[in-house]
There are 2 protein chains.
Amino acid sequence: MSRPAFSVLTDDETLFARFRGLASDWAVYRLGNGKAIDELPPHSLIVVDTATRDLAAIPEKIWRASCQQHRIVIASSQPEDEEGLAWLDLGATGYCHAYAAEATLRQVLEVVASGELWVGRSLMSRLLKGIGARRSTHARNWAAPLTEREREVARIAAEGDSNLEIAQALGITERTVKSHLTAVFEKLGVNDRLQLALKVHGIH
Amino acid sequence: MSRPAFSVLTDDETLFARFRGLASDWAVYRLGNGKAIDELPPHSLIVVDTATRDLAAIPEKIWRASCQQHRIVIASSQPEDEEGLAWLDLGATGYCHAYAAEATLRQVLEVVASGELWVGRSLMSRLLKGIGARRSTHARNWAAPLTEREREVARIAAEGDSNLEIAQALGITERTVKSHLTAVFEKLGVNDRLQLALKVHGIH
DNA sequence: ATCTATCTAGTACCTGAGTACGATACGGCG
DNA sequence: CGCCGTATCGTACTCAGGTACTAGATAGAT
């Protein structure tokens with residue numbers, strides 16, 4: 001697998017050595033002391049130690065921009081859900097304990113490098129508690145009265161595709177798509193594809 | 001690393017072979033056809049294919065119990081955020097695309113086996129949006145290039161109302177509503193009110 | 001063997017949505 | 001003052017979306 005550039009922003013020599021050790025097949029750079037984030041090639045993988053001095057001085061705007069351009073993992077020596085939320089909301093791709101087990105950290109890097117987000121168990125269940133509860137029952141029910149084919153059509157329609165696009169995607173006629181959608185509207189008690197979309201996405 | 005027992009519940013031979021292939025150093029079992037979940041040793045790692053027949057027949061209570069006892073990864077051939085939320089809320093430890101790249105699936109298994117939760121990017125950002133909605137930039141950014149009146153019209157249209165309903169709600173003509181919407185579509189780069197709704201509600 | 005559900009599709013029709021190409025009015029600004 | 005952005009509305013057109021009515025094929029169930 002080709003590795004992206006990997007950098008660490010920290011004041012802590014021990015921590016830096018740690019990351020360099022567990023990412024031995026990466027090219028690891030040390031940030032700070034002149035070497036700035038905006039000098040890095042785009043799509044870099046960056047670990048940021050929250051204990052770094054003057055971190056708070058960096059304005060939010062810079063963070064958002066950097067998070068767009070790179071994959072930033074926040075490593076905190078005292079992880080806390082609220083702090084993690086704030087970082088992830090800012091666009092960070094990961095939030096973990098800076099002194100987690102090496103195997104875990106390596107996993108974090110692998111996952112993040114592959115384009116996914118990494119969120120620890122504690123924070124994760126926190127997220128689920130917040131949003132999942134209210135929506136879950138309703139969420140699995142919208143498709144309940146539908147047949148398998150109707151579900152497929154409904155899903156695609158709810159993404160904003162036209163009847164013709166759905167037809168081509170499923171290899172059937174536009175007319176057949178209309179048939180299925182009419183059945184879907186009837187069964188779900190909606191009038192058109194927009195209301196269908198709102199229902200599918202759990203908004204109404 | 002010691003591997004937990006690993007089982008797959010699916011009707012699909014191809015899918016089973018796939019999982020067995022990518023977990024060659026695990027002992028992989030095939031569920032269904034008599035072999036039931038409750039016969040497995042505790043703390044097993046189980047992948048459940050949502051396309052499995054009669055899956056909907058299994059009551060919610062059984063799922064919750066199984067999720068407590070084991071680590072259950074839901075593999076959907078048509079992943080959908082709402083469905084994923086429902087499963088995770090039920091206690092599943094992972095939700096992924098059944099036909100994702102092998103490297104990804106292997107990663108999923110590694111992460112889950114190590115005790116963490118695995119949630120895909122799309123679902124993850126959805127979760128974050130739910131929590132950080134009030135502070136989310138995206139949530140208020142869609143309206144940035146619009147005038148005040150256009151914002152109003154767009155908001156109502158995104159709720160599923162017709163042009164006539166919008167007109168009556170705002171005390172203007174249907175024609176005027178169309179004017180505003182045309183401007184909105186142009187500014188936001190969408191083709192119709194459905195795509196507008198998806199953008200407004202932060203789905204696309 | 002019959003019945004039912006599902007998926008498929010044809011023709012015809014109506015309407016809302018979106019666009020094209022205008023117009024009028026009002027307020028701020030150089 | 002003229003210029004420009006904003007809000008309002010008119011007519012007319014095209015077209016995708018949705019409906020009505022129909023019907024063949026297949027598979028499963030009783």
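Helices (H or I, at least four residues) and strands (E, at least two) are DSSP runs, numbered from the N terminus.

Before going on, a word about what you're looking at: this is a predicted model, in which local features need pLDDT of at least 70 and side-chain atom pairs count only at pLDDT 80 or more, while totals for chains, interfaces and linings use all residues. Residues are numbered from 1 along each chain as its sequence is written, with chains lettered from A and ligands numbered from 1 in the order in which they are written.

Back to DNA strand D. It has 18 residues around it, and the closest are A:Ser162, A:Asp192, B:Thr147, B:Arg149 and B:Ile172. Helix 8 of chain A gives the largest share of this surface, 4 residues. Sorted by class, the surface has 4 nonpolar, 7 polar and 7 charged residues. For this count, Ala, Val, Leu, Ile, Met, Phe, Trp, Tyr, Cys and Pro are nonpolar, Asp, Glu, Lys and Arg are charged, and the others, Gly among them, are polar.

Now hop over to DNA strand C, where 19 residues gather and A:Thr147, A:Arg149, A:Ile172, B:Ser162 and B:Asp192 come nearest. Two or more residues each come from helix 6 (148-157) and helix 8 (174-188) of chain A, and from helix 8 (163-170) and helix 9 (174-188) of chain B. The split by class here is 4 nonpolar, 8 polar and 7 charged.

Let's zoom in on B:Ile172, which sits in the loop between helix 8 and helix 9 of chain B. Leaving out residues up to four places away in sequence, B:Ile172 touches B:Ala167 and B:Val177, where contact means C-beta atoms, placed from the backbone, within 7 Å.

B:Val177 leads us into helix 9 of chain B, where B:Val177, B:His180 and B:Val184 are buried. They cover an arc of only 70° around the axis, so they lie on the same side of helix 9 of chain B; the arc is that of the directions from the helix axis to the C-beta atoms. An α-helix has 3.6 residues a turn, so residues three or four places apart point the same way. Helix 7, helix 8 and helix 10 (193-200) of chain B are among what covers these buried residues. On the face turned away from the buried side you'll find the exposed residues B:Arg175, B:Thr182 and B:Glu186. Just after helix 9 of chain B, B:Gly189 takes a positive phi of about 70°.

Finally, look at what is packed inside. The largest nonpolar core has 65 residues, and A:Val73 and B:Val73 have the most contacts inside it. Such a core is a set of buried Ala, Val, Leu, Ile, Met, Phe, Trp, Tyr and Cys residues joined through C-beta atoms within 7 Å. A second, separate core of 28 residues includes A:Ala157, A:Leu196, B:Ala157 and B:Leu196. As for chain A, it has 9 helices and 6 strands, and 36% of its 204 residues count as buried.

Methods
A residue is near a molecule or strand if its C-beta atom, placed from the backbone, lies within 6 Å of it. Two residues are in contact if their C-beta atoms, placed from the backbone, lie within 7 Å. A residue is buried if 20 or more other C-beta atoms lie within 10 Å of its own, exposed if 12 or fewer, and partly exposed in between; C-beta atoms are placed from the backbone.
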